[in-house]
Amino acid sequence: MRQSHRISTLNGDAKDDGWGLFNLARARIAQGAEIIELTQGEHDIGTDARILEAMHASAMRGVTGYSPVPGLPKLREAVAKRLSERTGVATTPDHVQITPGGQAGLFAAHNATCDPGDRALYIDPYYATYPGTLRAVGAVPVAVEARSRHGFQPRAEAIAEKAEGAKSLLVNTPNNPTGAVYGIETLEGIARVTQDHDLWLISDEVYDTQVWEGEHISPRALPDMAKRTLVVGSMSKSHAMTGSRLGWVVGPPEVIQNLTFLANATTYGVPGFVQEAGLHALSLGVDLEEEIAAPFRRRRAIVLRLVEGQNVVRAIPAQGAMYTMLDIRATGLSGEAFGRELLDHEAIAVMPGESFGHAAAGHIRLALTTDDARLEDAVARLLALAGRLAERNS
Ligand code: PLP
């Protein structure tokens, strides 16, 4: 039987979905290999016991039935309060749809804004699922490159060049994979282009609690932007709740109303006991968020210190998020080929830059998700391998 064109082409021309090396590493681990994994954005701690206890208590109290599809009123209220306080934009519960994670929020936001065949812009380097998410709603993904030499901050002119006839623009700050935190100038440029070309702006802010330099600014807070901006947020990264699948979309109430109809037709909401656990997690305040973010700040410093001690690999110092990008072009290899060497010879798994688009080719991304000592050991061995490869190449 023939499957739909949309689902058969979800990965576009890519030979895999960008997770080839990751899958290979996981297969070797399943066969008993010892591999240091610096691949996925997954904390090396579990969800805080207080949050799990709240989840358990909620389920035991009987919150196990269907829950309100747009989300529990109290959680919508807490998310609205959070965004009002953090961004200064007055936000009420009817601006909030609770979703099963940020990923479902990205899918919902593009469903709300793009019709089949519409051009949907996104910034390259990008989080590996983006093009598939855009294709999943029938949109045509159009990449706009942000350059390494510009600190991976997208330029308004580059976006404008592709914006004619487009419907939406997807941005992500703090950024995965580059670690860029968009400054006010970048965001004003983005706002200008979306206004000039009447684009929806979809702002993925799932790393908003992980900022090492500068400050997180939500583009929804810029003048006149709230009416065309849909913010995607999540508890995954801020509260180490990746497996709980809890996120949100924040936008104009008339969009949220339609997202509720979409959720009626797809997910039918998020489990109530997970939402109550999320509510409890938010009530624990910023101390917990800082505690969860702290190891990434520390490990970023470890990587930068080690990289400083040699001159083959160049680090792009992350301003935010739980990753560091390394430019390995001096080895003469692509990110993909270097990643394969690293896995085969050093049993260290990383993500090749090519998994995140053209602009990150010749780079690798390290997820700072293993303990400090193992990370230090892995980076030292990675740099030594890069040194040997560069010598062979010269
Ligand atoms: N957006 C970005 C940039 C991400 O890196 C991720 C996950 O790694 C997500 C969205 C999706 O996160 P979740 O669905 O767990 O909220």
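Hi everyone. About 430 Å³ of space lies in the second largest pocket, and that is where I'd like to begin. Before I go on, please keep in mind that this is a predicted model.

So, what takes up the space of the second largest pocket? The ligand does. The lining of this pocket is made by 22 residues. Nearest its centre you'll find Gln103, Tyr127, Ser236, Lys237 and Arg245. If you sort the lining by class, you get seven nonpolar, 10 polar and five charged residues. And which element gives the largest share of that lining? Helix 5 does, with four residues.

Now let's turn to the ligand itself.

Start with Asp204: one of its polar side-chain atoms is 2.5 Å from a nitrogen atom of the ligand. Next comes Ser234, where a polar side-chain atom lies 2.6 Å from a ligand oxygen. Then there is Tyr127, with an N or O atom of its side chain 3.4 Å from an oxygen atom of the ligand. How much of the ligand's accessible area does the protein cover? On its own the ligand has 400 Å² of accessible area, and the protein covers 94% of that.

The structure holds one cavity of 30 Å³ or more, and the volume of the largest cavity is about 30 Å³. Who lines it? The residues are Ile123, Pro125, Tyr126, Tyr130, Leu170, Val171, Asn172, Asn175 and Tyr182. Strand 5, residues 166-172, gives the most to this lining, with three residues. By class, the lining of the largest cavity has seven nonpolar and two polar residues, and no charged ones.

The peptide bond joining Asp124 and Pro125 is cis, with an omega of about 5°. You can find Pro125 in the loop between strand 3, residues 119-124, and helix 6, residues 130-136.

There is also a cis peptide bond from Asn176 to Pro177, with omega near 15°. Where is Pro177? Look in the loop between strand 5 and helix 8, the helix of residues 184-196.

My last stop is Asp198. This residue is not a glycine, yet its phi is positive, at about 50°. Asp198 lies in the loop between helix 8 and strand 6, with strand 6 covering residues 200-204. Strand 6 takes in position 204, and Asp204 is the residue with a polar side-chain atom 2.5 Å from a ligand nitrogen.

Conventions: Residues are numbered from 1 along each chain as its sequence is written. This is a predicted model: local features need pLDDT of at least 70, side-chain atom pairs count only at pLDDT 80 or more; totals for chains, interfaces and linings use all residues. Side-chain values use heavy atoms; hydrogens and water are left out. A polar contact is a pair of N or O atoms within 3.5 Å; within protein, one must be able to donate a hydrogen and the other to accept it, and residues adjacent in sequence count only if both atoms are side-chain atoms. Accessible areas come from the Shrake-Rupley method with a 1.4 Å probe; for residues, only the protein chains shown count as cover. On a 1 Å grid over the protein atoms alone, a cavity is a set of points where a 1.4 Å probe fits but cannot get out, and a pocket is an open set with protein on both sides within 12 Å along at least five of seven lines; lining residues have an atom within 4 Å of a point. A molecule sits in a cavity or pocket if more than half of its atoms lie within 2 Å of its grid points. Grid points are joined across faces, edges and corners, and a volume is the space filled by probe spheres set on the points. Helices (H or I, at least four residues) and strands (E, at least two) are DSSP runs, numbered from the N terminus. Ala, Val, Leu, Ile, Met, Phe, Trp, Tyr, Cys and Pro count as nonpolar, Asp, Glu, Lys and Arg as charged, and the others, Gly among them, as polar.
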